[in-house]
Amino acid sequence: MFDPPTRPWNWQDRLTSLPACVAIGKLSHTYHGVVLSGVAATSVAATSLTLIGWLGWREYKCRMLEKRREEEQTRFIGAAEASLDAFSLLDAIRDGSGRIIDFRIHYVNHNAEALVGISREKLLGHSLCQVVPDIEKSRRLDRYREVVETGVPMVEEYPVPEHTGWQATWVRYQAVKLGDGLAVTCTDISAIKEAQARFEDLVEFNDSIFQHAPFSIIATDVSGMVTAMNIAAEKLTGYSRNELVGKASLTILHDDRELANATRDAIASDDSVNTAGFEVLSAGAREGEIQEKEWTLIKRDGGRTPINLAMRAVTSENGEISGFVGIAFDITERRQMLQYVTHLASHDQLTGLVGRALLRDKTVEAVERARRYGTKVAVFVIDLDQFKRINDSLGHTSGDQILIETAGRLRRSTRSSDIVARVGGDEFVVVMPDITSVADVELCALNLIARMSPEIQIDEQLVNVTLSIGVCIYPDFALDAKHLLKRADSAMYAAKESGRNQYQIFSESMLKETADRLSMEHALRHALANSELNLHYQPQISLTTGLITGVEALLRWTHPKLGNVPPAQFIPLAEETGLIVSIGEWVFMTACREGKALQDEMGADLTISVNLSPRQFQQRNLVQVIEHALAGSGLAARNLEIEITENLLMVNSEGNLEKLQQIRELGVRISIDDFGTGFCSFSYLLQYQVDRLKIDQSFIKQAGTDPNAAAVVRTIIAMSHGLAIRVVAEGVESEEQLRFLMRRRCDEAQGNYLGFPVSAQEFVSSLQGYNGIGVLQNI
């Protein structure tokens, strides 16, 4: 969490990889050894210059974000190192089943080093069990597990075994959950414990020790009247002993409401407050124990200071209680550190908004308050439209800027009493209590959409971001916080399906849609095991020879009750749930095996094209999966083609480039699917060494009637050929479209006009009577 930020691009290094021979205004230009037409070269040159400016601005923005992260890190480190307590950050270590078995030390401050007597170089990266071998015997490891699993903070005291070599004999641990780990404050309370042991009997106090003790000590009689106080107590409270001794009760130093809440008694007069309040302060001590608790101290000047107060009874020779001794110390710094760490754990670090866990608690509170006073609560689940495409195209740094600006606009669009949260990715939640009517909800939703309509400045670009909002209202459509959030989420998906940039209020009709979605997700989880998935293959035809050069593997799902489920329904669901990873592995294995069988049966050197989703591309063992599929099937690597979207290329990271290079090193080809629908420039195609482009079917469909679409197709074909990249047109549905593509010298085509997708078993028989050359001659 406190590792240095990732180094941004060095844009000067990037520019050295651009060709210096690109110039504007000449009739022909050489680009990477390829002769381009004037139009193509001018476009490439313009793209290069745009890329130069973009990279420069990106470098500037990266540095600004890096500087802000460094400032945040510096503030945190400064606060942690200045703390008088030992402070550490721990990351959970889990076994294969997900169970926490230990914690790894991620950060320790100077006082943590001093406490355990070990340098931080020897602590960082090691597990707790290595550093503290007795931790499991003390059950502290179990308590740490509970904090991570439940989110409930821990405050406990432990004696330190003598053999550890620590500088302390007693410590107090305060642990709060932070991500998948803990923030732990460890306080040396050895002196407090020693003082408690030494001051068991007021009669035995040595006056010099009493007065010069490093902690505030106040003695009282049985009723709470102050009978003695030391110098530290005068400094802490602001009162002199002459003002309190024999004249005031100990309760004068405490908040009346805090005491009243603790006693839960009605307060009739000042005397009752003093009596009831002091009984609370000394209740445990009256039972013969040391009572220790945190309270708010009211100083003489009215200032409020958090303190830790330990009370113990003083007994006479016959065992009767003759008074009490209280030892107190200021815990302001410790509480500030705890509040800071708690804020980190409960708020989104990028935007500063409320996080998921705190949102849930605050929504429950809002519903309870509305139930008590008969009002309404509206929950708005907000999702940015097409954010993934924007994020992939412009990069994650620009995506972060958009999320920060969105958070700011949401804050400015809501009341101070409303709750604004970020619950992950591009999803936000607004909880509005004290709503009186549905009309108010509709106005609020329209206001949120309107506030997002102005474009956002990102580097040199203006980005238009819209919202899809789902709303659920208590008590109209949900009676608790859980269903409010869940149903608002369902309404948000309905808004997206209705065209985006709008809001939908949850209604009864959506209950069925929600149930259907859950039912489909459940069915999809079992589809692979139940052999319900299969692949269909659509032929790809050479527009020069008319021969079948390859096939595209298309995923199909046939459910016993749902029937043939359209890919447009279940593939996004598989992406969202992560099921696409296991399904994708099956697709690779099956496509390679069946593709090799088709090659053998047809005696043709077919290319087998397999689609790769962005989620699959993030899979760590992707290269190994492809390698295993090739080895298990016998398919030659050069006959496998991976189809990726152009938006994936726009995430121009070294990780992406490295992974694509590893795939190419296997001998596998790379193809760009749906080209023309994103923001990819031809400079990326050279950088990633693309073999083929597939022109999106929307352009093919409109090319016959829309001059702009026809111009896009002509330009893509011309520039691709200039860069030695082959072009496939997908979605060919008519003879007219095929004629147009042949005139423009497109390399290959696929679509229902040329052949429908069919199973591997039906593929060869479906081609009986097919005469590729004859088809082209007739055209």
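Residues are numbered from 1 along each chain as its sequence is written, and side-chain values use heavy atoms, with hydrogens and water left out. Because the model is predicted, local features need pLDDT of at least 70 and side-chain atom pairs count only at pLDDT 80 or more, while totals for chains, interfaces and linings use all residues.

Side chains of opposite charge can pair when their charged atoms come close. The structure holds 33 salt bridges, each defined as a side-chain nitrogen of Lys or Arg within 4 Å of a carboxyl oxygen of Asp or Glu.

One of these joins Arg-139 to Asp-142, at 3.9 Å from N to O. Arg-139, at 43% relative accessibility, is partly exposed, and Asp-142, at 28%, is likewise partly exposed; buried means under 20% relative accessible area, exposed over 50%, and partly exposed in between (1.4 Å probe, protein chains only). Both residues belong to a network of salt bridges that also links Arg-143, Arg-145, Glu-146 and Glu-156.

A further salt bridge connects Glu-157 and Arg-172, whose closest N and O atoms are 2.9 Å apart. This pair links distant parts of the chain, with Glu-157 in strand S5 (residues 154-159) and Arg-172 in strand S6 (residues 170-177), 15 residues apart. Strands (E, at least two residues) and helices (H or I, at least four) are DSSP runs, numbered from the N terminus. Glu-157 is partly exposed at 25%, whereas Arg-172 is buried at 3%.

In helix H29 (residues 735-743), Glu-735 and Arg-739 are four residues apart and therefore separated by about one helical turn. Their salt bridge has its closest N and O atoms 2.8 Å apart. Glu-735 is partly exposed at 34% relative accessibility, as is Arg-739 at 32%.
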